[in-house]
Amino acid sequence: MDTRNDEWIRTGIALVDHQHEEYFRRLDILLAILGNSELNAHELRKSFDYFRSFAVVHFDTEELLMKISVYPQTEEHMKMHEFFGETIERLVQEMNTGGDIHYVAGELKVFVSGWLQDHIETHDMKLTSFLKDKISAGIANP
Ligand SMILES: [Fe+2]
Ligand SMILES: [Fe+2]
């Protein structure tokens, strides 16, 4: 399924949507890397670098929005973000300590393929509809 063309995945908060779109674009690149007959370790590392930076930049963006809007489910949402970051770090660690690169790449693929879609549906939508309600009430303007 091409999630980027599915309207339901759009939160309506432009910055958040752009960052999610970039994630899906990078996911496509990862899938292309894994579709090659030989796994390119350098390209795989670049994928890891991106998902690590996503865990900082994108989550910081959302967490700032939670903070300025005094979002009541901040703690629960942040726990999901932490889980993502910890999983990526665990896989990086596995790769750096001589783990099987094909296994690590497969784990990364399964994890990042499912995570964002689930996360948008369950947590980002709740956050962004809360933000949009605040924006229409004139309380916040991210
Ligand atoms: Fe989130
Ligand atoms: Fe998000």
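Asp49 sits in helix H2, residues 41-69. Although Asp49 and Ile88 are 39 residues apart in sequence, their C-alpha atoms are 9.7 Å apart in space.

A word on what you are looking at: this is a predicted model, where local features need pLDDT of at least 70 and side-chain atom pairs count only at pLDDT 80 or more, while totals for chains, interfaces and linings use all residues. Residues are numbered from 1 along each chain as its sequence is written, and chains are lettered from A and ligands numbered from 1 in the order in which they are written.

Now step back to the whole chain. It has 4 helices and 0 strands; helices (H or I, at least four residues) and strands (E, at least two) are DSSP runs, numbered from the N terminus. Of its 142 residues, 20% count as buried.

Let's follow helix H1, residues 14-35. In H1, Val16, His20, Tyr23, Leu27 and Leu30 are buried. They lie on the same side of H1 because they cover an arc of only 70° around the axis, taken from the directions from the helix axis to the C-beta atoms. An α-helix has 3.6 residues a turn, so residues three or four places apart point the same way. The face turned away from the buried side of H1 carries exposed residues, including His18, Arg25 and Asp28.

Terms used: A residue is buried if 20 or more other C-beta atoms lie within 10 Å of its own, exposed if 12 or fewer, and partly exposed in between; C-beta atoms are placed from the backbone.
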